[in-house]
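Biologist: I would like to learn how to read a protein model. Could you take me through one?

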Amino acid sequence: MTARDAPYPELKKTHVPERVGRPWHDVKPPPAAPVWGVIQGYASYWALVAAVELGVFDALADGGPSPVGPLAERAGASPEHLAALLDGIVALGLLDKVRGTYELNDTAVRYLTSDGAATMADLVAVANGPLGNWEHLADTIRDGGPATPVDDDPVGFYLPLVRATFPTQLRAAGRTAALLGLARAAGPLRVLDVGAGGAPWTVAFLTQCPDATAVVNDLPGVVDHARERLSEAGVGDRVEIRPGDYFAVDWEPGDYDLVVLGHVCRAEGTEGTRRLLGRAWDALRPGGRLLLADYFPDNDRKLNPFGVLMGLTMVAATARGRAFTPAEARSLLADRGFARIRLLEPIGFNQVFVATKPLSDTTRSTTSTTSTTSTEETS
Ligand SMILES: C[S@@+](CC[C@H](N)C(=O)[O-])C[C@H]1O[C@@H](n2cnc3c(N)ncnc32)[C@H](O)[C@@H]1O
């Protein structure tokens, strides 16, 4: 039998938290790399913003692989400086360079070109919320909120954001519809899309379900963008646009088969979310389903950095926002009376709770199911 090699010197074998307790310190100093990684995250971000702004991904998509000269000419940039930028992007794994020629890799084609199948090109600049807020994060944490939350000018903030998130959200919505088998629904679906943005959920559902109709809500000033997207998708004639504050605008009680709360609750905090869940409940017919879509961190808020940092982004940008863990979301849903609660992950990190308003209100306190896997809905 092969002897098992000790991974560390003898001393380390007994120097474990279980034996010496916590806080535990390694016997050799850790590398500085994680700290440098965070510091250089700033450079990485701005390099990508600049590369998108200079159009290098689109230039490579249009003209194919290229040395820096023609790219600099097209961008009106200094070749030497552009080479420094592009080398940074290559080092980040977002472009390839072969013998001095830059070329798109698959990630760049899909996510960073304007016409990419899952383009995030417009999202890069806006996804972190107002960038100036990050410089005042310590003040925000001290004061319990940012001095300039996006809530002060929601249309100014959300309009560019929902333009930029549309392709990503459309993918999430399209896969959710497929996972739920919406196209096989018994009758024509009636959908209420609350805080719809460009209405990616309605576009996906109505595209897959030719008899479905929808009411699409968002703030005046954002709904015009929804109108454009719905008409581009050829489903505008099956949609009523209902502009207004989603805490106040009227909708028909008990009328809807599906209510979508797509990425709205994390900006509203716990009380706002309770109110929105209550309003969704009222709008649903018995047996109807709520889709609560969002970026949720893991329950310990430590294993899913994407979700945890999305929560911090809400803290930096909004008056009341925070990310809910799946356990918190599940309990908010169950408290409101929803049953058969399940969690889908149609695309990475982008998760959707599906929760049913029971046929009878006597089931209000029924314990929900707790499956957390992406599951095809069978009924
Ligand atoms: C992050 S976007 C989500 C858009 C879309 N539901 C999705 O999943 O992609 C949040 C949306 O909520 C809208 N919103 C924010 N506050 C609102 C309010 N009080 N009433 C109606 N809509 C609101 C914003 O305008 C924005 O379109």
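Biologist: How many Å apart do the C-alpha centres of domain 1 and domain 2 lie?

Modeller: First, a caution. This is a predicted model: local features need pLDDT of at least 70, side-chain atom pairs count only at pLDDT 80 or more, and totals for chains, interfaces and linings use all residues. Residues are numbered from 1 along each chain as its sequence is written. Domain bounds come from an automatic or database domain assignment. Here they give domain 1 (1-119) and domain 2 (150-363). Their C-alpha centres lie 33 Å apart.

Biologist: How many helices and strands does the chain have?

Modeller: Helices (H or I, at least four residues) and strands (E, at least two) are DSSP runs, numbered from the N terminus. This chain has 16 helices and 9 strands. Its C-alpha atoms fill a box of roughly 65 × 65 × 55 Å along the principal axes.

Biologist: What percentage of the residues is buried?

Modeller: Count the other C-beta atoms, placed from the backbone, within 10 Å of a residue's own: 20 or more is buried, 12 or fewer is exposed, and in between is partly exposed. Of the 379 residues in the chain, 35% are buried.

Biologist: Which residues come nearest to the ligand?

Modeller: A residue is near a molecule if its C-beta atom, placed from the backbone, lies within 6 Å of it. There are 20 residues around the ligand, and Y158, Q169, G195, G197 and G262 come nearest. Two elements give two or more residues to this shell: α11 (154-180) and β4 (213-218). The most come from α11, with 5 residues.

Biologist: How many shell residues are nonpolar, polar and charged?

Modeller: Ala, Val, Leu, Ile, Met, Phe, Trp, Tyr, Cys and Pro count as nonpolar, Asp, Glu, Lys and Arg as charged, and the others, Gly among them, as polar. The shell has 11 nonpolar, 7 polar and 2 charged residues.

Biologist: Where is the cis peptide bond?

Modeller: Most residues other than glycine have a negative phi, and most peptide bonds are trans. The bond from R22 to P23 is cis, with omega near 0°. P23 sits in the loop between α2 (17-20) and α3 (33-53).

Biologist: H263 has a positive phi; is H263 buried or exposed?

Modeller: Its phi is about 60°, although H263 is not a glycine. H263 lies in the loop between β6 (256-262) and α14 (269-283). H263 counts as buried because it has 22 C-beta neighbours inside 10 Å.

Biologist: Why does R301 count as partly exposed?

Modeller: R301 has 13 C-beta neighbours inside 10 Å, so it counts as partly exposed. Its phi is also positive, near 50°. R301 is in the loop between β7 (284-295) and α15 (305-317).
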